[in-house]
Amino acid sequence: MMKDFIPYISISLNETINSLSFFYPEFALGLGFLLVILSDLFFAKKFPQLPAFVALLSTLFAGVLSFNMLKQSPVQLFGGMIVQDHLSTLFKLIFCFISILFVLFVRYHKDLQSSNKGTGDLFSILMAVQLGLNLMVMSENLLMVYLSLEMVSVGSYLMVGYLSNSPKQSEAAMKYALFGAVCSAFMLYGMSLIYSFSGSLDLFSAQFVSFLSTTPFFSWGPALIMMLIGVAFKLSLVPFHFWAPDVYQGAPTPVTAFLSTAPKIAGFGILIRLLAPFQPLSLSGIDNSMFSLTGVLAVTAIASMIVGNFGAIWQNNVKRMLAYSSIGHTGFMLMGLFIFSVSGFKAIVFYMVIYSIMNMAAFMIVDEVEEKTGKQDIDEYKGLGKSFSLLMIAMVVVLVSLTGLPPTAGFTAKFLIFSAAIEAYNSSGSGLIMTLIIVGALSTVVSLFYYFRIPLNAFLRKSDDPIIAFKNSPKSYISMFLVFLLLFFIIFPSAILGHL
Amino acid sequence: MNHLLSFLVFLPLVAALVIILLPSGFRDRFKHIALGTSLIQFFVSVFIYLNFNNSAAFAGVNKESQFQFVEKMAWIRLDLGSIGKLEIDYLLGIDGFSMPFLVLSSLIMFVATLASWEIKANLKAFFALLLLLNTAVMGVFCALDFFLFYIFYELMLLPLYFLIGMWGGVRREYAAMKFFLYTLFGSVFMLLVIIGLYFSVLNPATGNHTFNMILMMDPGSYLGSSVFSSVAPQSLLGISARLLGFIVLFVAFAIKVPIVPLHTWLPDAHVEAPTPVSIILAGLLLKVGGYGILRICYSIFPDAAIQSAWWIGLIGVVSILYGALNALAQSDLKRLIAYSSVSHMGFVLLGIASGTAEGVSGAVLQMISHGGLSAMLFFLVGMLYNRVHDREIANFRGLALVMPQYTAFVVIAFFASLGLPGFSAFMAEAFSLIGAFTSQEVNGLLPRWMAICGSVGILLSAAYFLWTLQRMYFGQTRLKGGDKWLQQLKDVNTNEKFALVPLAILAVLLGIFPSLVFSKMNASVLAFIQLISG
């Protein structure tokens with residue numbers, strides 16, 4: 001028995017060795033992970049900011065290495081476990097960007113800095129999570145999908161409960177972990193079903209595709225949907241969104257900002273990979289029934305937009321409001337998937353870049369206000385336009401961008417997604433996609449209503465509190481830089497689009 | 001010389017940045033910067049007016065080569081894979097339809113800035129927002145690329161929201177939000193139509209999908225099988241796609257105009273807005289709606305426009321009558337004028353719907369004339385409110401004895417607005433009605449009774465204006481506030497004269513020499529009629 005495998009050993013060894021050269025960014029992150037732990041263990045007393053610095057450097061390094069691979073043609077690595085292509089490199093660059101912002105955010109976050117746990121462990125978790133994120137968007141084997149997803153999930157649970165200085169935070173972490181565990185169980189079950197049907201775990205193998213084309217939707221559909229539940233959890237799509245508001249509110253704000261962007265974006269990456277083999281079967285066809293992949297996705301997107309946007313109206317806590325709004329945004333981004341082609345991916349990637357800028361900036365500003373005044377509720381923002389004038393103007397720009405109005409890049413992003421959806425409608429003529437587009441348009445109007453409660457309170461209402469002029473912290477300068485990016489990218493969208 | 005339009009559009013933006021960067025110590029200079037900006041804009045726009053070529057070879061409308069002061073620059077190029085390339089240009093240019101609005105905009109902005117003397121709080125933000133709004137309005141009238149147009153169009157909303165919301169009256173939050181939601185509702189769906197349009201249109205020169213409005217007007221540049229193709233009509237949600245596209249765009253602009261029944265944001269916004277904002281709202285933003293209908297709805301979807309002419313005419317008539325009847329019932333002077341705006345803008349729709357040269361010329365003149373007159377009316381109300389913080393009609397009587405000069409201006413504004421011959425509104429409304437009246441014979445679009453009902457609207461406007469004049473300004477002086485008010489009610493000061501006199505001159509000048517506008521836009525009107533009648 002064993003002898004049969006011997007000839008294969010050298011082949012797979014060669015393959016692995018050849019693959020290594022495409023794996024540099026991940027090596028950088030892995031190395032970063034070790035160095036952060038070491039620096040935290042041995043030098044934390046003397047140089048408390050060393051772990052942050054190491055994390056920042058290795059992320060930057062990974063970013064540069066990924067950037068060099070941007071023009072690389074697609075290659076399968078490690079025997080078809082992961083694939084390195086243009087799209088995954090783009091995702092990786094977005095993760096680097098978010099991680100850098102996260103490190104800076106944590107650096108200037110009071111609660112985390114003054115905690116007796118220190119921030120070293122947080123950064124080592126970040127490195128591991130980022131490695132998981134990279135693997136997530138590269139994986140093309142179901143096992144790899146599951147492993148990388150769990151790697152990110154476990155890291156995320158730890159990040160949410162990192163301080164656990166209040167029952168609320170522990171509750172959030174607990175909820176997140178339990179919910180996540182159930183969803184990943186579903187996912188695993190779906191994967192095992194698919195495997196038992198097709199006999200292959202490789203999403204792009206001939207076996208996999210031939211199985212799909214010979215089997216009706218009713219048999220593989222439920223299995224695929226179970227598999228997608230795991231991803232839907234990461235994306236906080238309705239009906240797997242219940243954890244989001246509690247976790248967003250309970251977690252330390254930098255973690256919230258991170259969770260609302262990076263894992264979500266990775267979720268999209270994995271969604272694109274998972275749907276790719278199914279795409280010729282049902283996404284492009286004239287399939288118009290609810291019981292199809294298109295139907296399931298469209299209904300999920302519609303439900304997410306409605307629940308997210310209408311849910312946000314009733315929220316009074318700013319972070320909860322942003323949580324609901326991010327559910328709506330995910331539903332909106334899904335629209336870009338219905339045209340499963342370059343133009344759709346471009347729209348989604350552009351939206352993600354802008355979305356991460358907006359969300360990071362929003363959470364930074366919210367955090368700054370919370371640290372300086374302790375205010376977390378929208379009602380309490382009354383009159384803040386006077387004491388935080390510059391910061392609140394920045395906030396208005398961010399909110400305008402989140403609504404998707406000019407003159408901010410949020411508009412260009414929204415425009416591209418709508419374009420992709422209308423292109424999908426043009427090619428399919430599906431009434432469901434039309435409904436999706438109309439719901440997307442209406443949810444924009446609804447979102448204006450709740451986003452603008454912040455400027456409404458900050459600028460239109462007056463508070464009785466005395467006006468105190470606050471000094472801007474480095475965090476607020478970072479957020480202002482992000483706001484500048486939002487204004488910059490509407491005039492020069494090619495700065496991003498040129499690389500897509 | 002080549003960048004005159006860009007200069008006109010972005011000068012206020014630069015001024016706004018200057019105001020933001022100046023320390024608050026210069027607080028008292030902000031208004032002068034804003035005023036200087038609008039003055040420079042006014043001179044530039046007059047220069048453009050004088051140098052504007054009105055011959056048929058420069059008619060514009062649906063021929064890019066015939067536009068004047070054109071500026072074109074590639075802006076966004078995006079490769080969309082299978083469906084080709086996307087092409088967005090920075091394209092500015094004017095023809096006979098847009099040029100008069102540039103002059104009007106700069107004049108109204110000048111008056112609005114003068115009216116801002118009453119603003120006392122948070123001057124930096126106020127003037128920065130006012131100038132930002134100025135940029136947006138100018139941009140809307142100059143943009144010929146739909147993407148660019150949309151950006152300017154939406155850019156108007158933000159400053160207005162804050163201008164109404166921060167400096168407005170008691171119910172300002174409600175009014176600002178209502179205004180914002182109403183307009184956004186219209187424009188979000190407009191965005192969808194824009195996207196549908198660019199998928200349908202190819203630039204024959206480059207083979208790219210384009211946002212160029214002028215190419216969108218040419219049936220030849222549509223892809224045969226596209227959504228909005230005029231060759232092979234498609235249907236969307238059960239009705240013709242082109243008709244649906246027209247309706248969506250029309251509703252978006254009609255909310256701005258506004259038409260009955262989508263007008264309910266207007267009285268609230270006007271009553272709560274501070275005077276300068278009311279002036280801009282009535283003087284310019286309503287016109288953006290009318291301009292959009294001409295430039296975009298009608299020009300891009302002429303077939304659908306002809307198809308729906310009867311309904312548009314009807315909406316115009318209903319707006320005229322409903323607005324006028326409502327105005328009769330108002331007890332607040334500012335609300336009365338707000339409703340009179342609804343009524344007067346109805347003539348614009350009626351004139352456009354007629355599809356005749358007279359009607360369309362009348363509609364554009366009505367917009368220019370109403371722009372000046374409504375600005376004057378709101379300015380006058382603002383003067384009263386500033387002095388005694390009241391504008392209930394019943395609380396004033398015999399103001400003519402207290403403020404004779406003020407009353408003289410009111411008389412001019414009222415008589416001009418109610419359509420007395422010799423003033424601009426008469427010419428404009430007369431032409432709109434002539435257009436509507438002859439439409440039955442010329443092209444059979446509108447029945448005669450619409451014109452007749454429209455003229456009843458003039459009668460009604462005479463009724464409410466004259467009645468108000470009689471109640472508030474004539475008779476024995478009796479004021480609710482007694483002697484205290486008598487003290488406060490000072491007559492027109494120099495500053496206010498600077499604002500009122502140009503507007504009064506405009507009303508008289510256009511009433512006597514309507515050809516000042518007509519001659520400049522005649523070629524464009526004819527080209528437009530030719531475009532829509534196919």
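Me: What makes A:Ser236 count as buried?

Reply: This is a predicted model, so the answer comes from counting C-beta neighbours. The cut-off for buried is 20 or more other C-beta atoms within 10 Å, and A:Ser236 has 28. That puts A:Ser236 in the buried class.

Me: Why is B:Asn122 called partly exposed?

Reply: Exposed needs 12 or fewer neighbours and buried needs 20 or more, with partly exposed in between. B:Asn122 has 17 C-beta neighbours inside 10 Å, so it counts as partly exposed. Its phi is positive too, at about 55°, although B:Asn122 is not a glycine. Look for it in the loop between α3 (99-115) and α4 (123-142) of chain B.

Me: Back in chain A, how do you know that α11 is largely enclosed by the rest of the structure?

Reply: Go through the helix, residues 243-250: eight of the eight residues are buried, so α11 of chain A is largely enclosed. The buried residues include A:Trp243, A:Pro245, A:Asp246 and A:Tyr248.

Me: What covers the buried residues of α11(A)?

Reply: Among the covering elements are α7 (142-160), α8 (167-198), α12 (253-259) and α16 (318-334) of chain A.

Me: Which peptide bond is cis at A:Pro239?

Reply: The one from A:Val238 to A:Pro239, with omega near 5°. A:Pro239 sits in the loop between α10 (217-235) and α11 of chain A. Another cis bond joins A:Pro406 and A:Pro407, where omega is about 5°. A:Pro407 belongs to the loop between α19 (389-403) and α20 of chain A.

Me: What makes chain A as compact as a globular protein of its length?

Reply: Set the two values side by side. The radius of gyration is 23 Å, and the globule rule gives 23 Å for 500 residues, so chain A is as compact as a globular protein of that length. The C-alpha trace spans about 80 × 60 × 45 Å along its principal axes. Buried residues make up 56% of the chain. As for make-up, chain A has 24 helices and two strands.

Me: How many residues does each chain bring to the contact between A and B?

Reply: Chain A gives 26 residues and chain B gives 28. On the chain A side, α21(A) has the largest share, with seven residues. By type, that side divides into 19 nonpolar, six polar and one charged.

Me: Over in chain B, how do helices α15 and α17 cross?

Reply: The axes of α15 (residues 357-388) and α17 (residues 404-417) of chain B come within 10 Å and cross at roughly 145°. The crossing of α15(B) past α17(B) is left-handed. Among the residues making the contact are B:Leu373, B:Met376 and B:Leu377 of α15(B), and B:Tyr406, B:Phe409 and B:Val410 of α17(B).

Me: What kinds of residue make up that contact of α15(B) with α17(B)?

Reply: They divide into 10 nonpolar, one polar and no charged.

Terms used:
Residues are numbered from 1 along each chain as its sequence is written. Chains are lettered from A and ligands numbered from 1 in the order in which they are written. This is a predicted model: local features need pLDDT of at least 70, side-chain atom pairs count only at pLDDT 80 or more; totals for chains, interfaces and linings use all residues. Two residues are in contact if their C-beta atoms, placed from the backbone, lie within 7 Å. Helices (H or I, at least four residues) and strands (E, at least two) are DSSP runs, numbered from the N terminus. Ala, Val, Leu, Ile, Met, Phe, Trp, Tyr, Cys and Pro count as nonpolar, Asp, Glu, Lys and Arg as charged, and the others, Gly among them, as polar. Axes are lines fitted to C-alpha atoms, for helices over the stretch in contact, and angles run from 0 to 180 degrees between N-to-C directions. A crossing is left-handed if the near helix is turned anticlockwise from the far one by less than a right angle, and right-handed if clockwise. The radius of gyration is taken over C-alpha atoms; the globule rule is 2.2 Å times the number of residues to the power 0.38.
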